[in-house]
Amino acid sequence: MSGRHTSGIVQRRGLHHSLMRAVLFAVLGVFCIYYLIPLLVMISTSLKSLTEIREGSLISLPKEFDFSAWEKAWNSACVGVRCNGLAPYMWNSVMMTVPAVAISTILGALNGYALTKWRFRGADTIFALMLFGAFIPFQVILLPMARVLGQLGLAGTIPGLILVHTVYGLAFTTLFFRNFFIGVSSGIIQAAKVDGAGFFGIFFRLVLPMSLPAIVVTVIWQFTQIWNDFLFGVAFTIGDSNPVTVALNNVVNTSTGVKEYNVDMAAAIIAALPTLAVYVVAGAWFVRGLSAGAVKG
Amino acid sequence: MARFGRALERRLPAIVVSPLFAASLFFVYGFIVWTAYISLTRSGVMPNYEFDGLSQYVRLWETPRWYVAIRNLFVFSGLFISISMAIGILLAILLDQKVRIEGVIRTIYLYPMALSFIVTGTVWKWMLNPGLGLERLMHQAGFENFSFDWLVNSHYAIYTVVIAAVWQSSGYAMALFLAGLRSVDDEVLKAAAIDGAGLWRTYTGIVLPMLRPVFLSTIIILAHLAIKSFDLVIALTGGGPGYATDMPATFMYSFAFQRSELGVAAASATMMLMTVIAIIVPYLYSELRKTSG
């Protein structure tokens, strides 16, 4: 940490200073607890039995670890009328997310590259028009999209969702790559052009290898967005093809019999685990996506 | 042949971009035009392409439920944006005081952003439920008369959405402000310290005014989140009790997919789009002008 850029206030040392530091860490600590409590409550509730939930308190730790709620959430909780647990819906989300992330990232890279390094007439206008797509409230495209998916025979299917996520992810991925490529010197690309390298040759051999940071940021961003999406999932799929977010909401709101909070919480953690894992492993990249997207929202 | 090849090569960038651009024209602009047109027709369960003027907008604005949605949007956005900004600024300033474990703390503050709003809604629904949640906890702590039924109280339920949304997004505001603070020149801070300006004066008088662009972009990002909020409402309250926590996004969804009133749904979607355009287009315009120099 020592070589890091430092800012903040130059302080006098002494009692006053130590007191201020104590207050500073107390406040920071309180907020750590604030952000962590829901996660801890989620985990501890998922490990309790229903009896313990009824008799214990919200923040008490489980007396003994009971994994039955996890098992039930995974393979026998009721999603609406079907009681197969979340497992098949997790699979749906994987099948939807992986292709949608891959396709939208590749197309975004190509698009950003063509728009910045092969500037042709109207490139800026095209970019501005495409960028707008990242900001529209998706309510405005739900109705026509449902009709088009129906006409393509993709209504209620996972390929349909892949199409939707790819199309509306493109504005973001193009934005990320354009911002990255603008910072890349055009010198080497010009040199490659003089040497006779073509559009795709330069892209695959020169540009793609050096855009690894942009690829990582884009993949993480798209993965988080698409995995966590609920609106498209609930509007364009039914039952069997639901992504896990929709299934989770159905588990929680299935109102037959006793409310099983431990199963709800286990299901919520299961649905959150992939994006949480990515965040823990690659948090810095995720944050870069957030701030790179400060233009975007 | 060689000439043809060169000509093709020169056009290749445009040829690559055009199908993507065409897709965007169709799926974004074409769809917007379709929705906007449907909002001007007599469409009910099925689309009806006969022009009917503004009758759907008249119906929309005569629907009490739409007023609830609009009122909720204002209450929610106002509180959500101001509380998230306040927490964000506070935490960013505190974290900027050479805190050694800053990386760990920042990770903790930001992880909710990686969660789905459905997960957030699920866990807050459990914590705020009147039977076994916070209320019980307070009773056990000795506050026998403590009562917290906001989740099922139609007057207060919207505030539970604010609570959960602030929890999820205030870390984001912190990250944006922290990035802004890091861009402030150290010399400015040293000069302030030499002049004897205290911590409070330095930040309120010197640093924060320099961050005006960060304020603007954070407000816009949060406002944009607020207008689109749909998942969290569905997961936390389902729009209820009744339709007490409806927002424009849930209103539109309900009229489009549950009540099959396409005309009203399209009119409400168009209203949402116009609101977003009014906020985002001037901002984008200034941002793009800035980056392209």
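User: Is Cys32(A) buried, partly exposed or exposed?
Analyst: This is a predicted model, and in it Cys32(A) counts as partly exposed, because it has 14 C-beta neighbours inside 10 Å.

User: Where is Cys32(A), and what does Cys32(A) touch?
Analyst: Cys32(A) sits in helix 1 of chain A. Leaving out residues up to four places away in sequence, Cys32(A) touches Ile105(B) and Ile108(B).

User: How far is Cys32(A) from His17(A)?
Analyst: The two are 15 residues apart in sequence, and their C-alpha atoms are 23 Å apart in space.

User: Ok, the contact between the chains. How many residues does each chain put in?
Analyst: Chain A gives 79 residues and chain B gives 92 residues. On the chain B side, helix 1 (residues 2–38) of chain B gives the most, with 17 residues.

User: What classes of residue are on that side of chain B?
Analyst: The side of chain B that touches chain A has 66 nonpolar, 15 polar and 11 charged residues.

User: Pick one pair of helices across the contact. At what angle do helix 1 of chain A and helix 5 of chain B cross?
Analyst: Helix 1 (residues 15–46) of chain A and helix 5 (residues 117–127) of chain B have axes that cross at roughly 80 degrees and come within 10 Å.

User: Changing topic. Which residues touch the most other members in the largest nonpolar core?
Analyst: Leu86(A), Leu248(A), Ala267(A) and Ala268(A) do, out of 177 residues in that core.

User: What does Leu248(A) touch?
Analyst: Within chain A, Leu248(A) touches Leu86(A), Ala267(A), Ala268(A) and Ala271(A), and in chain B it touches Ile118(B) and Thr122(B), with residues up to four places away in sequence not counted.

User: What about Asn250(A), buried or exposed?
Analyst: Asn250(A) is buried, because 21 other C-beta atoms lie within 10 Å. Asn250(A) is found in helix 12 of chain A. Beyond four places in sequence, Asn250(A) touches Val79(A) and Gly80(A).

User: And Asn242(A), where is that?
Analyst: Asn242(A) is in the loop between helix 11 (231–236) and helix 12 (244–253) of chain A. Asn242(A) is buried too, with 25 other C-beta atoms within 10 Å. Residues up to four places away aside, the contacts of Asn242(A) are Tyr89(A), Asn92(A), Gly233(A), Thr237(A) and Ala247(A).

User: Over to chain B. What is the phi of Lys98(B)?
Analyst: Phi of Lys98(B) is near 50 degrees, which is a positive value in a residue other than glycine. Lys98(B) is in the loop between helix 3 (64–95) and helix 4 (102–110) of chain B. With 16 other C-beta atoms within 10 Å, Lys98(B) is partly exposed.

User: What is phi for Ser260(B)?
Analyst: Phi of Ser260(B) is near 50 degrees, a positive value, and Ser260(B) is not glycine either. Ser260(B) lies in the loop between helix 12 (248–258) and helix 13 (262–291) of chain B. Ser260(B) is exposed, because 12 other C-beta atoms lie within 10 Å.

User: Last thing, confidence. What are the mean pLDDT values of chain A and chain B?
Analyst: Chain A has a mean pLDDT of 85, with 92% of its residues at 70 or more. Chain B has a mean pLDDT of 87, with 97% of its residues at 70 or more.

User: Where in chain B is confidence lowest, and where is it highest?
Analyst: In chain B, confidence is lowest in helix 8 (residues 186–194) of chain B, at a mean of 80, and highest in helix 3 of chain B, at 94.

User: Which residues of chain A stay under 50?
Analyst: Residues 1–7 of chain A do, and the model has nine contacts beyond four places in sequence for them.

User: What are the scores for the model?
Analyst: The model has ipTM 0.88 and pTM 0.89.

Conventions. Residues are numbered from 1 along each chain as its sequence is written. Chains are lettered from A and ligands numbered from 1 in the order in which they are written. This is a predicted model: local features need pLDDT of at least 70, side-chain atom pairs count only at pLDDT 80 or more; totals for chains, interfaces and linings use all residues. Two residues are in contact if their C-beta atoms, placed from the backbone, lie within 7 Å. Helices (H or I, at least four residues) and strands (E, at least two) are DSSP runs, numbered from the N terminus. Ala, Val, Leu, Ile, Met, Phe, Trp, Tyr, Cys and Pro count as nonpolar, Asp, Glu, Lys and Arg as charged, and the others, Gly among them, as polar. Axes are lines fitted to C-alpha atoms, for helices over the stretch in contact, and angles run from 0 to 180 degrees between N-to-C directions. A nonpolar core is a set of buried Ala, Val, Leu, Ile, Met, Phe, Trp, Tyr and Cys residues joined through C-beta atoms within 7 Å. A residue is buried if 20 or more other C-beta atoms lie within 10 Å of its own, exposed if 12 or fewer, and partly exposed in between; C-beta atoms are placed from the backbone. pLDDT is the predictor's confidence in each residue, from 0 to 100.
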